[in-house]
Structure formats: structure tokens, C-alpha cells
Amino acid sequence: MARPEFEQHIALFGESGSGKTVLLSSFFGRAQEPSVINASRRHLVPESRPQGNKLHSYYLGMKNSATLPPANRFSWDSYTFDLKLKLDASDGGGTTDALRLVWHDYPGEWFEGRREGARERERQTAGFRALLESDVAFLLVDGQKLLDHRGEEERYLKYLFTSFRNTLLAMRTDILDDGKRLVEFPGSGSSPCPSRT
């Protein structure tokens with residue numbers, strides 16, 4: 001089957017417990033609702049069936065019993081979806097591939113200074129390189145931590161952004177090729193997405 005012509009990479013990162021998996025599961029699970037498919041004439045199809053089943057299971061757990069997805073400590077995954085459009089009968093019916101979405105989900109522990117040896121640092125470096133190639137990046141802020149810092153929200157956010165910046169600066173020589181500046185940021189999104197399992 002031919003791949004869609006357009007591919008968009010999305011980086012999703014934040015502290016541990018900030019809701020990255022919740023957001024991704026909600027995005028995918030909601031798109032699987034028959035009412036959404038029928039109204040939008042769009043179908044979001046996961047490239048990996050096991051990944052799709054896992055995300056849908058998380059979504060149903062949240063929807064039906066308010067059960068949050070389990071923590072995925074130090075787990076870095078990329079989720080690839082094909083967005084298919086239903087064609088009108090006048091266009092021959094069936095579906096057509098419109099867009100490929102690749103979501104990169106980064107462990108919050110990477111930004112909190114926690115690593116588990118040299119192998120984990122190599123994975124972290126590869127992950128941040130993929131982050132810099134993404135078209136869109138979401139930095140999630142933990143709403144509960146904002147509540148915990150009521151009256152000092154600005155101070156907490158400054159701490160959060162500084163922590164992320166310092167993590168990237170500390171890995172600058174590992175991430176950049178020969179220390180060269182990035183020519184284009186964010187990336188073009190046209191690079192292939194390697195397996196991260």
C-alpha cells in the first residue's frame with residue numbers, strides 16, 4: 001500500500017505525569033468513535049495494530065471507568081497513524097490516504113535528570129535528535145503541579161522551562177552533528193521514522 005505523500009512529525013514531551021499518554025490516547029481513541037468517523041468522514045488508522053489496541057484500551061479505560069493509563073517510565077515510543085478520507089460516490093467511493101502523522105512520546109524522566117546508564121543516554125540523544133526533526137512540539141504542563149504552586153505559578157513555569165532548556169544544553173554536543181547549528185528548525189518532517197522499540 002502506498003504511503004501518504006504528506007507526513008507530519010509531532011513531538012510530545014513534558015514532566016512525568018503531565019498527561020502525555022493521556023493526550024495521545026484521547027486523540028486516538030476519540031478518532032475511533034463511530035460518530036466521529038461518520039461526521040468527519042475521516043478514519044485514523046494506526047500503522048502498528050498492537051500500539052493502536054493499547055491506546056484504544058487506555059482511552060476506553062479513561063472514558064468508562066476514569067482509569068488513567070499506567071506510567072511508562074523511561075519508555076520512548078513513536079506512534080504512526082495514517083489519516084484516511086472517505087471519498088464520495090462521485091469520486092469512486094472508498095478511501096484515500098491523506099496524511100501520515102508520527103507522534104513521538106518522550107519520557108518525562110529524561111528532563112528530570114534521571115538516566116539508567118550509557119545505553120539510556122544513547123536512547124535519550126537519539127530521541128532528542130528526533131525531537132529536533134519534528135514539525136510540531138507540545139510541551140505539556142502538569143495541571144496538578146500548577147495547583148500545588150498556586151500563587152507561584154510563574155515561578156514554577158520558569159523552573160520548568162529552565163529545566164528543559166538546561167537538559168538540551170547539556171546534551172548539545174551529543175545532539176548536533178560536529179557542533180554545527182541547525183539549518184532548519186523545526187525539521188521538514190520528511191525523514192523516515194525509525195523503529196524505537
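**View 1. Contacts of serine 25 in the predicted model**. Beyond its neighbours within four places in sequence, serine 25 is in contact with Arg30, Leu55, Tyr58, Tyr59, Met62 and Pro69. The residue belongs to helix H1, which spans residues 20–31. Serine 25 counts as buried because its relative accessibility is 0%, under the 20% cut-off.

**View 2. Strand S1 and its pairing with strand S4**. Strand S1 covers residues 7–14 and is mostly covered, with seven of its eight residues buried. Six bridges connect S1 to strand S4 (residues 95–105), and the two strands pair in the parallel sense. Within this pairing, leucine 12 stands opposite aspartate 105 of S4.

**View 3. Strand S1 and its pairing with strand S5**. S1 is also joined to strand S5, formed by residues 136–140, through five bridges. The strands S1 and S5 run parallel. Isoleucine 10 has valine 136 in S5 as its bridge partner.

**View 4. Confidence in helices H3 and H4**. Across the protein chain the mean pLDDT is 80, and 81% of the residues reach 70 or more. Confidence is highest in helix H3 (residues 49–65), where the mean is 95. It is lowest in helix H4 (residues 118–132), with a mean of 76.

**View 5. The segment of residues 188–197**. Over residues 188–197, pLDDT stays under 50. For this segment the model has 19 contacts beyond four places in sequence.

Note on methods. Residues numbered from 1 in each chain as written. Predicted model: local features only at pLDDT ≥ 70, side-chain atom pairs only at ≥ 80, totals over all residues. Heavy atoms only, no water. Helix = DSSP H or I, 4+ residues; strand = E, 2+ residues; numbered from the N terminus. Buried < 20%, exposed > 50% of the residue type's maximum accessible area, 1.4 Å probe, protein only. Contact = heavy atoms within 4.5 Å. Pairing = 2+ DSSP bridges. pLDDT = per-residue confidence, 0-100.
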